[in-house]
Amino acid sequence: MQLTKYEEDMINGEYGEAKAECMEILVSLGKIYDAEKMIPITSAQVSGVSYKTIGDAGLDFVVDLGKKADICLECMLNPAGVDIENWKELGFSEEFTKKQIEIIKGYESIGVMSTCTCTPYLIGNTPMLNDHIAWSESSAVCYANSVIGARTNREGGPSALLAAIVGRTPYYSNHIKDNRKADMIFNVDYDFKNESEIGALGYYVGQIVNDKKPYFKLNNNPGRNNLKLLGAALASSGAVSMYHAENITPEYEFAKNHDNFDELEVFEVDEKIIKDNIEQLTTTDKTPDLVCLGCPHASITEIQKVAKLLKGKKLSKDLWICTSKAIKSIAQQCGYLDIIEEAGGRIVSDTCMVVAPVEDLDYEVIGVNSAKAANYVPNMCKLDVVYDTCENLIDKIIKQ
C-alpha cells in the first residue's frame, strides 16, 4: 500500500502511540481489501454506542482508547440505548443507564460529539457530493452514498472511530467511482402513497440484491424522508450500501454509464409485491402497546406531521417519536413538542426502539412505520410488531 509521508510518520509513531496503532489497524484492513492507498476523510459517524449491543467489552474499549487518543475531524455517535435526559420517566433501569452514560463519556473523552443519532446529515454533519467519509450506521451509509453522493463503505464502529482519529480510511469499494455503478435494475410499476409502501419495497429488494447496488425506475419521487426509509430497509434486509433512483439521486446517470447496463438483470415490481411485503412485516393482529416512529431518526417535517395528527386529541397507548436532541429542540421551538406531549406522546432523543432495551419494559407489541424496525424488533427485542403508516398507527391508539 502506498502511504504519504504524513501517513508513514503516523504509523511510525511520530504523532503518538494512539495514531500509530490506529494507522496499523486501518492499513491492515486496507490490505485485506487490496486498497492501493489511504485517503483523507471529511467526517465520521460511529456505531457501537448502545450498551445493549456492545456490553462491558465495548465499554472497556472506548474508555481505554479515550485515555490516549483524540479525533481530528467532525464525528458523531449512533443512537444510544436510552434517552439520557428522560430515562427514568421512560422506565429504563438505573444500572443500564449508568453503563450507557459511561460509554458516551468515553467517546466524549476522545472528542466525539455526544449527539447520538442515525441521521447526522439532518443536524450538521452533512458531507458534500464526492466527499470521502467513514460512516458506520447502515441507514446513514446508504443515505450518504445514495441521496447525498458522498462516499463511504459500511464501516464497523471501531474502524470508523479509528478513521476519525487519523483522518484517513482505506481506498476501496465505494470510495472508488467505478465501483458505484448499478448491478441490478428494478422497474417499479406503482405510485407510492405512503411510507410503509416505500419501506416494503426496500425490504423486498434488499433480500434480492444483498450487498449489490440496485437501480430503481420509479413512477414518482418519494421525497427525502421516504428515501431515508427506503435506504434503511435496503440496508437491514440486505447489506446495501448504495442505491440509485432514475432522475432522483445524484449519481443515477453515472450508475448506468457502463457497457453492460442494458444487460443487467431486470426485476419487475408491482402492487402485489408491495402489499405482500407489508403483510410479511407484521407479526400480530393485536393493537400496539407502544407506537414507535423515527427509525431512522425523525426529521422535523416528520414530527410536524405527527403533531398535526395529534392536535386536540388524546392517546390511549404510549407513543415515542425517536430523534436527535437537536431536532427535538427545533420541535419544541415550533410548538410541536407541546402538542405531542399534551396528547400523551413523547419525543424521545438519542435512542430508538431497535437499540434500546424495550424488551425490559411492559410492552408486548410495538407499532412501527419503518421496515427496518419491523425487520429488527422481533429478533433484537423479542416483541411482536405491527407495520403500518404513521396515520394508521396513531389512529389505532387515539382515545375514541
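1. **Before you start.** Please keep in mind that this is a predicted model, in which local features need pLDDT of at least 70 and side-chain atom pairs count only at pLDDT 80 or more, while totals for chains, interfaces and linings use all residues. Residues are numbered from 1 along each chain as its sequence is written, and side-chain values use heavy atoms, with hydrogens and water left out. The labels for helices (H or I, at least four residues) and strands (E, at least two) are DSSP runs, numbered from the N terminus.

2. Most residues other than glycine have a negative phi, and most peptide bonds are trans. N247 is not a glycine, yet its phi is positive, about 65 degrees. With 59% relative accessibility, N247 counts as exposed (over 50% relative accessible area; buried is under 20% and partly exposed in between, with a 1.4 Å probe and protein chains only). D34 also is not a glycine and has a positive phi, of about 60 degrees. You will find D34 in the loop between α2 (17–32) and β1 (38–40), and its 69% relative accessibility makes it exposed. The peptide bond from C295 to P296 is cis, with omega near 0 degrees. P296 sits in the loop between β11 (290–293) and α12 (300–310).

3. **An open sheet.** Strands of a sheet pair through backbone hydrogen bonds, either parallel or antiparallel. Five strands form an open sheet here, in the order β13-β12-β11-β14-β15 and with parallel pairing (two strands pair if DSSP finds at least two bridges between them). At the edges are β13 (346–349) and β15 (384–387), each pairing on one side only. Within the sheet, β11 and β12 (residues 318–323) run parallel and are joined by four bridges; C292 has W320 in β12 as its bridge partner.

4. **The strand β2.** Four bridges join β2 to the parallel strand β3 (residues 74–77), where A44 stands opposite C75. Strand β5 (residues 134–135) pairs with β2 in the parallel sense over two bridges, and there A44 stands opposite A134.

5. S47 belongs to the loop between β2 (43–46) and α3 (51–66). Its relative accessible area is 15%, so S47 is buried. Beyond neighbours within four places in sequence, S47 is in contact (heavy atoms within 4.5 Å) with N78, Y107, S136, E137, G156 and G157.

6. Rings of Phe, Tyr and Trp (its six-membered ring) pair if their centres lie within 6.5 Å; planes under 30 degrees apart count as stacked, over 60 as edge-to-face and the rest as tilted. By this rule there are 11 aromatic pairs. F186 and F216 form a tilted pair, because their ring centres are 5.9 Å apart and their planes are at 40 degrees. This pair links distant parts of the chain, with F186 in β7 (residues 184–188) and F216 in β8 (residues 214–217), 30 residues apart.
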